Amino acid sequence: MDNLEEKNILTWRSVERAYKLRGKEFFSTIIVLSLLVSIIMFFIEGLMPVLVIWAIIFVLWATNKTVPTEIEYRLTNYGIRVYDKIFPYTDMRQAWIEDKFKIRQLRIVLSRFPNHLAIVIQPENEKTILDELSKNNINLFKPQPTRIDNMVKWLSEKIPLE
C-alpha cells in the first residue's frame with residue numbers, strides 16, 4: 001500500500017450474512033435424508049463419510065440457531081473493511097451482486113484465503129460499490145454455473161426440503 005492515508009468512500013451497517021430461519025419441517029426432511037444416506041455410506045465406505053454427513057447437519061443447525069449480528073462495513077480507497085480487517089483491491093479478482101433469501105449480496109472472489117466474500121449490501125449503495133470496484137479494475141461479472149451448480153439446482157427443484 002502507498003503512504004496515502006486511508007479514506008472512507010462508503011460506510012454502511014448490515015447483518016454479517018444472509019439468513020433465513022428454517023422450520024421443523026426442513027430439519028425433519030434433512031434428518032431423514034441424512035439417515036438414509038448415512039446407512040448407505042456406512043456399508044459402502046465405513047464410518048468416516050457418516051461422520052462428515054452429520055458434521056454438515058450440525059453446521060446447518062448451528063447457523064440456523066445463530067441469528068447474525070449487525071456489523072459495520074467500510075469501502076475505502078484501499079479495499080473493503082470488515083471487522084477492522086481489510087480486504088485490499090489487489091486481492092480481489094471478480095465481483096457480482098446476487099440475491100440470497102431476498103437479501104442483496106456482493107460476492108467477491110479473492111486470490112487469497114478466505115477465497116470468497118459474501119457481503120450483505122443495501123440496494124441504495126449498490127451503484128457506489130460497483131463503481132469503486134470497477135475503478136480498481138475488478139471484473140464485474142457473475143461466473144457461468146458449473147455442471148455441479150446445475151445438478152444442485154435441479155436436485156433442489158425435484159426434492160424441496162421445505
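**Exercise 1. Determine what share of the chain's contacts with a separation of 6 or more comes from residues 24 or more positions apart.**

Solution. Start from the meaning of a contact, which is heavy atoms within 4.5 Å. With that cut-off, residues 24 or more positions apart account for 60% of the contacts in the chain that have a separation of 6 or more. The model is a predicted one, in which local features need pLDDT of at least 70 and side-chain atom pairs count only at pLDDT 80 or more, while totals for chains, interfaces and linings use all residues. Residues are numbered from 1 along each chain as its sequence is written, and side-chain values use heavy atoms, with hydrogens and water left out.

**Exercise 2. List the secondary structure elements of the chain in order, then decide how spread out the chain is.**

Solution. Helices (H or I, at least four residues) and strands (E, at least two) are taken as DSSP runs, numbered from the N terminus. On this basis the chain has 4 helices and 8 strands, and from the N terminus they follow the order β-α-α-β-β-β-β-β-β-α-β-α. The radius of gyration of the chain is 19 Å, well over the 15 Å given by the globule rule for 162 residues, so the chain is more spread out than a compact globule. Here the radius is taken over C-alpha atoms, and the rule is 2.2 Å times the number of residues to the power 0.38. As a further step, the C-alpha trace spans about 60 × 30 × 25 Å along its principal axes.

**Exercise 3. Is Thr76 buried or exposed, and which residues does Thr76 touch?**

Solution. Buried means under 20% relative accessible area, exposed means over 50%, and partly exposed lies in between (1.4 Å probe, protein chains only). Leaving aside residues up to four places away in sequence, Thr76 touches Glu6, Lys7, Asn8, Ile9, Ile86, Tyr89 and Glu132. For the chain of 162 residues, 33% count as buried.

**Exercise 4. Give the strand order of the open sheet of 4 strands, and identify its edges.**

Solution. The order is E7-E6-E5-E8, with mixed pairing. Strand E7 (116-120) and strand E8 (139-140) are the edge strands, since each pairs on one side only. Strand E5 (residues 92-100) pairs with E8 in the parallel sense over 2 bridges, and Leu140 in E8 is the bridge partner of Ala95.

Methods. Two strands pair if DSSP finds at least two bridges between them.
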